[in-house]
Amino acid sequence: MTHEEIYVYIAIMSAVTLAVKILPLTLIRTEIKNVTLRSFLYYVPYVTLAVMTFPAIVYATQSEISGALALVAGIAAAWFGASLFRVAVICCVVVFLSELILI
């Protein structure tokens, strides 16, 4: 790979990124009234974040079991109203203790 190829790749990547962000703003100027499309677009960021986060939670640990236990503990802590910091601490403690026991 040469330096010229890297610049071409960067240019293509930036053009695609800008196109994805600019085209909807320029092509869709009116309010979207379709309820199905609006609800789909509302949940896209959450789904994208979940798709990137959940596998990383399970596979970032030495044992997939400890990652799954931390995921369950984090969901339970968030369900009962714990802050983001407390959820992260609880998940870290669960992973630490479960890997002490499992390994």
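Here is a short walk through this predicted model, from its domains down to one serine. Residues are numbered from 1 along each chain as its sequence is written, and side-chain values use heavy atoms, with hydrogens and water left out. Because the model is predicted, local features need pLDDT of at least 70 and side-chain atom pairs count only at pLDDT 80 or more, while totals for chains, interfaces and linings use all residues.

Let's start with the overall layout. The protein chain splits into domain 1 (1–30) and domain 2 (33–102), with bounds from an automatic or database domain assignment. Their centres, taken over C-alpha atoms, sit 31 Å apart.

Now look at helix α2 (residues 35–59) and helix α3 (residues 64–79), whose axes come within 6 Å and cross at roughly 130°. Helices here are DSSP runs (H or I, at least four residues), numbered from the N terminus. Axes are lines fitted to C-alpha atoms over the stretch in contact, and angles run from 0 to 180 degrees between N-to-C directions. On the α2 side, the contact (heavy atoms within 4.5 Å) uses Phe-54, Ile-57, Val-58 and Tyr-59, and α3 brings Glu-64, Gly-67 and Leu-71.

Stay in helix α3 and find Ser-66. Ser-66 is buried (under 20% relative accessible area, with a 1.4 Å probe and protein chains only), at a value of 0%. Not counting residues up to four places away in sequence, Ser-66 touches Thr-61, Val-95, Ser-98, Glu-99 and Leu-102.

Definitions and conventions
Helices (H or I, at least four residues) and strands (E, at least two) are DSSP runs, numbered from the N terminus. Buried means under 20% relative accessible area, exposed over 50%, partly exposed in between (1.4 Å probe, protein chains only).
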